[in-house]
Amino acid sequence: MQFSEAWLREWVNPEVSVNELADALSMAGLEVDAVSPAAAQFNGVVVGEVLSCERHPDADKLSVCGVNIGEHEPVQIVCGAKNVAAGMKVPVARVGAVLPGDFKIKKAKLRGQQSMGMICSASELGLAESSDGIMPLPADAPVGKDFRNYLSLDDHIIDVDLTPDRGDCLSIAGIARDVGVIYRQPVTDWEIKDIPASIDEQVSVVLGIPESCPRYSCRIVKGIDPTAQTPLWMQEKLRRSGIRCISPVVDITNYVMMELGQPMHGFDLEKINGGIHVRLSQPGEKLTLLDGSEVEIITGTLLIADEQKPLALAGIMGGESSAVTDSTSSVLLESAFFMPIAVAGKARAYGLHTDSSHRFERGVDPELQRKALERATDLLLHITGGEAGPVVDVVALEQLPEKPEIHLRRHQIPRILGVDIDDAMVEDILTRLGMVLAAVDSGWRVKPPGCRFDIGIEADLIEEIGRIYGYANIPENLSSAPVSIQAVPEADFNLQRGKELLVDHDYQEVITYSFIAPELAALLMPEAKQIRLTNPISADMSVMRASLWPGLLSTLQYNQARQQDRIRLFESGQIFLDGQDGIEQPEMLGGLIFGERLPQKWNNTPGKVDFFDLKGDVEVLLGMVDSLSAFEMQPVEDVTLHPGQAAAILRNGREIGRLGMLHPGLQAKLAIPGNVFLFQIRLDGLAQGRIPTFEAVSKYPAIRRDLALLVDADLPWGQIQACAEKAAPKIVRDIQVFDVYTGDNIDSGLKSLALSLILQDYSHTLTDEETEQAVETILQALHTELSAKLRD
């Protein structure tokens with residue numbers, strides 16, 4: 001927000017320079033981005049009066065003017081502006097004046113006529129980007145007065161970058177309140193009088209959705225002068241605030257917004273049919289906005305409407321059909337309070353960002369509406385004339401935001417800030433900030449003003465005390481506090497080590513957004529209930545992710561578009577699931593592989609990754625927690641994964657993750673040119689792992705026995721391994737499969753598995769009898785439980 005230093009000093013005037021003022025605001029949390037002159041540098045310009053204006057005898061587009069500039073005799077000036085006329089007060093650059101751009105005014109002859117100066121436009125004085133003619137001045141402008149002094153142009157524009165929580169400072173009144181407390185200066189309490197009604201006419205107001213708009217105030221003003229002009233002092237204040245002047249009604253509503261912080265709107269009363277209805281939009285409604293764009297109103301948008309049609313997007317922008325024009329003689333002034341949540345994000349949904357939406361999103365004082373309406377009415381009657389009707393103030397008291405009563409404990413202030421602040425200063429700071437205090441034994445009961453939506457807990461009050469007291473005034477010291485090292489259970493899964501293992505396997509860590517496009521969520525997780533954001537950054541980031549896979553796949557697509565053909569990614573983070581007890585946010589570890597198994601080198605065999613490459617990487621992670629026999633992988637049906645290459649990871653009968661190949665249909669829809677393999681594991685499923693224990697190395701030789709078994713073709717290796725390990729005596733150290741064969745000499749429905757058994761004892765060398773007995777025990781168990789038999 002930008003504003004005029006001179007305007008601020010009308011409210012509070014500390015005896016400091018503008019740079020000192022800017023530094024103080026920044027140190028108090030209102031960061032000043034820039035301080036710039038209110039007008040470009042020029043001199044020698046005075047207020048003049050055009051006494052005569054005659055057409056140039058030799059140039060149709062020029063006029064020869066006699067101008068009084070406060071000297072003994074009028075001067076002759078040749079002017080090319082179309083709007084110059086006798087009787088006008090205008091800015092005149094005398095001979096010797098220097099205008100912006102180091103443009104010097106000299107005596108000149110234009111088509112044979114002497115010109116002793118220049119009648120200036122606003123753009124020539126650096127007060128506007130463009131101008132359509134010379135700059136007219138009020139009739140009471142004093143002739144001969146220095147123009148810079150007349151408009152107080154030796155002023156500064158202060159540009160403040162406010163954080164979203166400080167909506168209370170989006171006005172001169174709000175900034176003045178903070179300046180007043182910083183310098184302990186009184187702030188001028190401008191009296192705003194109630195304007196009595198001179199006519200009885202009013203409109204009815206229906207609050208159709210009071211939880212979004214609990215207060216709506218309005219007033220009719222009839223008989224305004226359509227030809228009236230916005231006074232120059234108001235134009236200048238708006239210009240220095242970065243607001244373009246349009247017409248008196250619009251300028252007055254903008255002026256009140258800048259002065260008090262209450263956005264307002266003026267409707268042409270003749271274009272309103274019946275009463276005002278504050279309601280939600282209906283399907284298919286459209287509205288042409290003030291900027292000329294037609295929008296199809298999104299369902300659920302808060303509207304200001306009459307009996308027949310929408311008039312405005314509430315808190316955002318008015319409609320063209322009810323706008324005030326040059327012929328408007330009767331207006332309806334609106335001053336309403338919209339709940340921040342009702343406006344937040346709505347303007348962005350239409351590609352808009354307005355001064356009104358900016359303020360309503362951050363919160364406007366719910367007690368300010370009538371005061372602003374009275375101020376606007378007073379200004380309008382003085383500038384345009386007319387007659388005002390009674391104020392219509394419709395309020396749903398039960399829906400207005402409640403002011404929290406906060407218990408501020410005296411001992412918490414030095415504990416948090418690190419400095420003792422006496423009670424008198426605490427009370428002075430909070431009172432000047434508009435808060436109501438009641439002393440209690442332990443401190444104070446504090447009620448913040450309605451404009452402070454950012455104050456809700458004790459720490460907020462202490463923050464206010466600290467920023468006004470001055471962080472630079474808090475002494476530096478080495479704080480002492482008890483330090484304790486938190487014990488990390490040895491058996492817990494070490495996520496950092498897990499990440500390092502994946503990096504060792506050529507994976508790259510990525511961090512993706514927790515919010516994704518609803519279309520992508522529906523595509524990859526159709527069974528998961530979508531958790532939608534109330535105020536999304538954009539439409540394609542409006543749903544909380546229920547899996548890490550959408551972000552990983554989006555990153556895969558991004559890299560493929562940049563000619564990357566071997567991609568291995570992993571991510572750790574939360575997902576968001578709609579559970580019975582609310583939103584669950586489990587921590588997950590997920591990954592993805594795509595493309596070549598090995599980097600392209602002369603000694604690497606080409607080959608694409610497959611399910612077992614991913615399975616091996618996952619088993620490395622699982623092996624950090626427990627032996628692989630503690631985990632089980634079972635076939636699973638998953639709409640995201642290939643029906644024949646999808647597995648659930650189980651531990652103690654509980655599913656903790658899934659892995660597999662992306663479903664071919666999804667692969668085609670995502671335009672991914674090749675097979676993609678993904679995994680995802682819940683980290684809480686990897687907790688309470690196995691603590692490593694020492695085991696001596698046997699000094700006796702190991703014996704290997706190889707077996708060729710015929711088993712059912714659909715029998716998974718995990719089930720065979722579990723059966724064999726359960727039956728194996730202690731001397732069997734390891735059981736592995738090293739070959740799978742189906743084909744000639746193998747009956748249909750069967751497969752041949754080649755197993756290796758490693759046998760070893762710690763106390764002696766195994767005998768043939770012990771070895772054969774162990775092998776026979778395993779074979780017997782496999783035959784009994786799984787119908788396995790030795791292959792001939």
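Which element gives the largest share of the lining of the second largest pocket? Hold that thought, everyone, and I'll come back to it.

A word on the ground rules. What you see is a predicted model, where local features need pLDDT of at least 70, side-chain atom pairs count only at pLDDT 80 or more, and totals for chains, interfaces and linings use all residues. Residues are numbered from 1 along each chain as its sequence is written, and side-chain values use heavy atoms, with hydrogens and water left out.

Now some terms. Everything is done on a 1 Å grid over the protein atoms alone: a cavity is a set of points where a 1.4 Å probe fits but cannot get out, while a pocket is an open set with protein on both sides within 12 Å along at least five of seven lines. A lining residue has an atom within 4 Å of a point. Points are joined across faces, edges and corners, and a volume is the space filled by probe spheres set on them.

Let's start with the largest pocket, at about 1500 Å³. Its lining has 48 residues, and the closest to the centre are Lys615, Glu619, Trp717, Gly718 and Gln721. Elements giving two or more residues to that lining include the helices α17 (611-622) and α19 (717-727) and the strand β36 (641-651). Helices here are DSSP runs of H or I with at least four residues, strands are runs of E with at least two, and both are numbered from the N terminus. By class, this lining splits into 24 nonpolar, 12 polar and 12 charged residues. Nonpolar means Ala, Val, Leu, Ile, Met, Phe, Trp, Tyr, Cys and Pro; charged means Asp, Glu, Lys and Arg; the others, Gly among them, are polar.

On to the second largest pocket, with a volume of about 1100 Å³. Of its 38 lining residues, Gln229, Thr230, Gln235, Cys245 and Ile246 lie nearest the centre. Two or more residues come from each of α5 (232-240) and α6 (248-260). And here is the reply to my opening: α5 gives the largest share, 4 residues. The lining has 19 nonpolar, 12 polar and 7 charged residues.

The largest holds about 40 Å³, and its lining includes Ile516, Met525, Lys529 and Gln530. That lining divides into 7 nonpolar, 1 polar and 1 charged. The second largest cavity, about 30 Å³, has Thr301, Leu302 and Lys346 among its lining residues. Its classes are 5 nonpolar, 1 polar and 1 charged.
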